[in-house]
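Please read the following report alongside the sequence and the coordinates.

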Amino acid sequence: ELHEKMDEKDRQIAELQLQLEQRDGNAKQQFQQLDGKFQRLDGKLNRKFQELDGKVDQKFRQLDGRVIEHLQDQLMVTCHTREFTVTSFSQRKGGLKGKDWYSDPFYYSFMQGYKFKFNLFFGSTFVRFLLFLLPGKHDDKLLWPIKCTASIQILNQEEDRNHIERSNSWEWDRTTRATQKNLPPDIDYSRLSTQTHLKGDCLRCKLRMIIKH
């Protein structure tokens, strides 16, 4: 009877060991399944993060490119302003030969820039504004072609308003730079007969130029 009880205990212990082994196997299998799921999920998350990182990086590159283009545009645009006094108006008007007024040649913005000259052509009943781009000694180092926007004002010499203004835009390259450019329309002498714009037989003119490459 004692032997039978011991045998029964051995069987029970063996069954328990078998159950524990089965549970351990099931637990290992479940752990492996969960580990596989986590690995797949981790791979998906990594791919998503890489995709998102690529999109963000692309957006920053696009934004950076736009900022650079904007800065380049700003750097490629320059502005220049000059004032002139045109004397002996009464002797010049009427279109007499040799009575036109010319400025001294000047360089745009800096001494190694584009070389210009400004001209007032006096016709029989009107005055016309002309701008010349002259050959300069630094032309080989400059960018061509150029887009030029120019505006000229005959200043009101009594107050800062009611100036007479003309403007125009052109494109110049090295082969066409000697061509004079007009700032229409012409101004009739009758508009300059008042003491506001014509004072002491002199006109004061303000030239503003913007060049873009």
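The text below takes the surface of a helix and then a set of paired strands.

The model is a predicted one, and the description starts with helix H1, which spans residues 2-75 and holds Arg 40. A nonpolar surface patch is made up of Leu 34, Phe 38, Leu 41 and Leu 45, whose accessible area together comes to about 400 Å². Phe 38 has its place in helix H1, and because its relative accessible area of 56% lies over the 50% cut-off, Phe 38 counts as exposed.

Turning to the strands, E11 covers residues 202-212 and pairs with E6, residues 146-154, in the antiparallel sense; within this pairing, Thr 149 stands opposite Ile 210 of E11. Strand E10, residues 198-199, is likewise joined to E11 in an antiparallel arrangement, with Leu 198 having Leu 203 in E11 as its bridge partner. The two pairings are set out here.

| Strand pair | Sense | Bridges |
|---|---|---|
| E6 (residues 146-154) and E11 (residues 202-212) | antiparallel | eight bridges |
| E10 (residues 198-199) and E11 | antiparallel | two bridges |

Strands E10 and E11 form a hairpin in which two residues lie between them, and Gly 200, placed in the turn, has a positive phi of about 65°. As background to such pairings, side chains in a regular strand alternate between the two faces of the sheet.

Notes. Residues numbered from 1 in each chain as written. Predicted model: local features only at pLDDT ≥ 70, side-chain atom pairs only at ≥ 80, totals over all residues. Heavy atoms only, no water. Helix = DSSP H or I, 4+ residues; strand = E, 2+ residues; numbered from the N terminus. Patch = residues over 30% accessible without salt bridge, like charges linked within 9 Å, V, L, I, M, F, W, Y side chains within 5 Å. Areas by Shrake-Rupley, 256 points an atom, 1.4 Å probe, with all protein chains shown as cover. Salt bridge = Lys/Arg side-chain N within 4 Å of Asp/Glu carboxyl O. Buried < 20%, exposed > 50% of the residue type's maximum accessible area, 1.4 Å probe, protein only. Pairing = 2+ DSSP bridges.
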